[in-house]
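Welcome, and take a moment to look around before reading on. The report below walks through the model step by step.

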Amino acid sequence: LTAPLLVVHGTRDAIIPFAEGERLRAAAPRAELQPIAGAGHNDLFQMGGRAYAEKVAQIVRAWTATAE
């Protein structure tokens, strides 16, 4: 995968272990890993809060700027 990729993964995910998010990040040269401390599989937004939303917005803005 050569497209930009943001991997958002909870550090306490009991469904897909955090190590899998790290492996995905390592496999994609343009990927960035955004760990959400203490989050599980379905509570990323609640646990990440404003910082999570701001990080996603920052990444999307950067991708948009490079596409123009």
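## A first look

Over the protein, the mean pLDDT is 91, with 97% of residues at 70 or more.

This is a predicted model, in which local features need pLDDT of at least 70 and side-chain atom pairs count only at pLDDT 80 or more, while totals for chains, interfaces and linings use all residues. Residues are numbered from 1 along each chain as its sequence is written, and side-chain values use heavy atoms, leaving out hydrogens and water.

The protein has two helices and two strands, in the order β-α-β-α from the N terminus. Helices (H or I, at least four residues) and strands (E, at least two) are DSSP runs, numbered from the N terminus. The C-alpha atoms fill a box of roughly 40 × 30 × 15 Å along the principal axes. Of the 68 residues, 26% count as buried (under 20% relative accessible area; exposed is over 50%, partly exposed in between, with a 1.4 Å probe and protein chains only).

Now for the aromatic rings. Rings of Phe, Tyr and Trp (its six-membered ring) pair if their centres lie within 6.5 Å; planes under 30 degrees apart count as stacked, over 60 as edge-to-face and the rest as tilted. The count is one aromatic pair: F45 and Y52 are edge-to-face, 6.1 Å centre to centre with 75° between the planes.

| Residue | Relative accessible area | Class |
|---|---|---|
| F45 | 52% | exposed |
| Y52 | 19% | buried |

Notes: pLDDT is the predictor's confidence in each residue, from 0 to 100.
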